[in-house]
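Me: I would like to learn how to read the features of a model, one at a time. Please give the general idea, then the case at hand.

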Amino acid sequence: MSGFFKSSIGRKVAMALSAFFLMFFLLQHFAINSLSVFSADLFNEVSHFMGTNWLIQFVMQPILILGVVFHFVMGFILELKNKKANGVSYAKNNGAANSSWMSRNMIWSGVAILAFIILHFIDFWFPEINTKFIQGDWSGMHDGELRYFHELQHKFLSPIRVGAYVLAFIFLALHLLHGFTSAFQSMGATAGRKKTLQTIGKAYSIIIPFGFIIIAVYHHLNHH
Ligand code: HEM
């Protein structure tokens, strides 16, 4: 098995599996965040559940963090190996002649998303860890009500932060536009299903990041 993951196809399969997992995470993250646009109370309730349920906190969250780290590390390894291979092989990358801009720049859209995740953790994750594990406050309350919706709106007061988030979501769309179909191809999706997969991939890659943009801009314009 370890031999398999050291082979070139093994690495691609591992990359694809971690990508599927992250795309599933992104879908549920988007579903929960979109509640914040429709109902502050519902968003608060669901956030409190996610933030205090032990299965989510102590099983799913560590798996997610490992998944994110794995995907980045493996992405860098694949990029380095490809660069090396390109130098000597006849299967040389001919720029726009035989590959899309997105596929040649996965590493750069990936680095932009990594930068976003660091900012995002500083914004939401570290304060959450501080409240729960350092201050020991698991009540989720502030001034007599659940605090999550207000914390979210507070973050999107700054136009600079909203701008940075929107830019990151555009990179996310570019990354997904190539990554979605590429992941299915690494798992051996057959030519017959290629068209359908491409359509689903395009829809996912545009709708989810665009939805995140709407959420960020909505809270910037509608804070109270
Ligand atoms: C408008 C857009 C977004 C908002 C408002 C938002 C909000 C949040 C909030 C409130 C948390 C919870 C922190 C916690 O309680 O632990 C969180 C966690 C997280 N977000 Fe986002 N997010 C957005 C977009 C994204 C995107 C596009 C990605 C991925 C590319 C992402 C990745 C993560 C990750 C990895 C976590 C850590 C999950 C955990 O708690 O373990 N977020 N986000």
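Me: Which helix is G75 found in?

Reply: Helices (H or I, at least four residues) and strands (E, at least two) are DSSP runs, numbered from the N terminus. G75 is found in helix α4. This is a predicted model, in which local features need pLDDT of at least 70 and side-chain atom pairs count only at pLDDT 80 or more, while totals for chains, interfaces and linings use all residues. Residues are numbered from 1 along each chain as its sequence is written.

Me: Why does G75 count as buried?

Reply: A residue is buried if 20 or more other C-beta atoms lie within 10 Å of its own, exposed if 12 or fewer, and partly exposed in between, with C-beta atoms placed from the backbone. G75 counts as buried because it has 20 C-beta neighbours inside 10 Å.

Me: What does G75 touch, not counting residues up to four places away in sequence?

Reply: Two residues are in contact if their C-beta atoms, placed from the backbone, lie within 7 Å. On that basis G75 touches M15, I107 and G110. G75 and M106 are 31 residues apart in sequence, with 8.6 Å from C-alpha to C-alpha.

Me: How many helices and strands does the protein have?

Reply: There are 9 helices and 2 strands, in the order α-α-α-α-α-α-β-β-α-α-α from the N terminus on. Of the contacts between residues at least 6 apart in sequence, 80% join residues at least 24 apart. Buried residues make up 16% of the 224 residues.

Me: What span does helix α2 reach from its first C-alpha to its last?

Reply: The expected span of a helix is 1.5 Å times one less than its number of residues. Helix α2 (residues 8-38) has 31 residues and reaches 46 Å, close to the expected 45 Å. Its buried residues are M15, S18, A19, L22 and S36. In general, an α-helix has 3.6 residues a turn, so residues three or four places apart point the same way.

Me: Which elements do the buried residues of α9 pack against?

Reply: They pack against α2, α7 (148-155) and α8. The buried residues of α9 are G201, S205, I208, P209, F212, A216 and H219. Helix α9 has 28 residues and reaches 40 Å, close to the 40 Å expected.

Me: Which residues have the most contacts inside the largest nonpolar core?

Reply: A nonpolar core is a set of buried Ala, Val, Leu, Ile, Met, Phe, Trp, Tyr and Cys residues joined through C-beta atoms within 7 Å. The largest has 18 residues, and those with the most contacts inside it are A168, F169, L172, A173 and L176. α2, α8 (159-186) and α9 each give two or more residues to this core, and α8 gives the largest share, 10 residues. Leaving aside neighbours within four places in sequence, A173 is in contact with S205, I206 and P209.

Me: How many residues surround the ligand?

Reply: A residue is near a molecule if its C-beta atom, placed from the backbone, lies within 6 Å of it. 18 residues surround the ligand, and the closest are Q61, F124, E128, I215 and A216. α6 gives the most to this shell, with 6 residues.

Me: Where is confidence lowest?

Reply: pLDDT is the predictor's confidence in each residue, from 0 to 100. Confidence is lowest in helix α1 (residues 2-6), at a mean of 72, and highest in helix α3 (residues 40-52), at 98.
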